[in-house]
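Thank you all for coming; I would like to walk you through one structure this morning, slowly and with the numbers attached. Please have the sequence and the model open while I talk.

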Amino acid sequence: MRKPSTGSGSKSSMAARSKAVALSVAVGVLLSFLLLCAFAALMSVRDLPHSAVVPLSIFSVAVGTIGSGYCCARLIREQGLLWGLVCGTVIFLLALFCELMLLGQPVGVLGLYKFIIYASSGMIGGVLGVNKRRKVR
């Protein structure tokens with residue numbers, strides 16, 4: 001039997017939500033990595049044009065971010081737009097940090113486009129995760 005909340009429940013709730021976000025971001029990054037590996041294998045087997053690299057990478061990260069938002073919303077079960085946005089923003093910040101560390105170039109307008117893609121796909125995943133019906137047994 002659960003005890004009624006005595007006020008400290010918000011801290012444990014926030015800890016549970018942070019764990020859900022961290023787990024969901026890990027799932028999204030892993031999914032993006034697997035898709036990028038599949039596209040790299042496809043590009044090594046087939047003769048795809050070099051201009052296909054950016055759309056395939058954006059597609060794989062968008063799918064990973066949708067998966068991240070979906071997973072987070074399924075774990076938290078509320079506010080899918082907000083938690084999808086959080087997951088998309090965290091993944092964007094991770095990608096931005098890696099890009100700045102590897103390339104060292106300032107981020108231009110493409111960075112804003114990437115943020116919009118990451119955030120919107122995370123929110124789409126969050127809405128899909130919250131609206132998924134549970135099985136009744």
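Predicted model: local features only at pLDDT ≥ 70, side-chain atom pairs only at ≥ 80, totals over all residues.

Within the lining of the largest pocket, the largest share comes from α3, which supplies six residues. The helices that each supply at least two residues of that lining are α1 (9-45), α2 (53-76), α3 (80-103) and α4 (109-131). In total the largest pocket is lined by 18 residues, and those that lie nearest its centre are L36, V61, A95, C98 and Y118. The volume of this largest pocket comes to about 610 Å³, and its lining divides into 14 nonpolar residues, two polar and two charged.

Now let me step back to the chain as a whole.

The 24 residues of α2, taken at 1.5 Å a residue, should span 34 Å, and the end C-alpha atoms of α2 are 35 Å apart, which agrees.

In soluble globular proteins, nonpolar side chains tend to be buried together. Which residues make up the largest nonpolar core here? There are twelve in all, namely A20, V21, V25, V61, C72, I76, W83, C87, I91, F92, L96 and Y118. The elements that give two or more residues to this core are α1, α2 and α3, and the one that gives the most is α3, with five residues. If you look along α3 itself, the buried residues are G80, W83, G84, C87, G88, I91, F92 and L96.

Let me turn to the aromatic rings. A pair of such rings is described by the distance of the centres and the angle of the planes. How many aromatic pairs does a search of the whole structure find? It finds three. One of them is formed by F39 and F59, with 6.1 Å centre to centre and 50° between the planes, and this pair is tilted. It links distant parts of the chain, since F39 sits in helix α1 and F59 in helix α2, 20 residues apart. F39 counts as buried because its relative accessibility is 16%, whereas F59, with a relative accessible area of 46%, is partly exposed.

A second pair is that of F92 and F115, whose ring centres are 5.2 Å apart with the planes at 65°, so this pair is edge-to-face. Because F92 lies in helix α3 and F115 in helix α4, the pair ties together parts that are 23 residues apart in sequence. F92 is buried, at a relative accessible area of 12%, while F115 counts as partly exposed at 28% relative accessibility. Together with Y118, these two phenylalanines, F92 and F115, form one aromatic cluster. Y118 is also among the residues nearest the centre of the largest pocket and one of the members of the largest nonpolar core.

Finally, I want to draw your attention to some backbone angles. R77, which is placed in the loop between α2 and α3, has a positive phi of about 70° although it is not a glycine. With a relative accessible area of 55%, R77 is exposed. Q79 is found in the loop between α2 and α3, and its phi is near 50°, a positive value in a residue other than glycine. Q79 counts as partly exposed, at 45% relative accessibility. After α3 comes G104, whose phi is positive as well, near 70°.

I will stop there and take comments.

Technical notes: Residues numbered from 1 in each chain as written. Heavy atoms only, no water. 1 Å grid on protein atoms, 1.4 Å probe; cavity = no way out; pocket = protein on both sides within 12 Å on 5 of 7 lines; lining within 4 Å. Points joined across faces, edges and corners; volume = space filled by probe spheres on them. Helix = DSSP H or I, 4+ residues; strand = E, 2+ residues; numbered from the N terminus. Nonpolar A, V, L, I, M, F, W, Y, C, P; charged D, E, K, R; others polar. Phe/Tyr/Trp six-rings, centres within 6.5 Å; stacked < 30°, edge-to-face > 60°. Buried < 20%, exposed > 50% of the residue type's maximum accessible area, 1.4 Å probe, protein only. Expected span 1.5 Å × (residues − 1). Core = buried A, V, L, I, M, F, W, Y, C linked by side-chain atoms within 4.5 Å.
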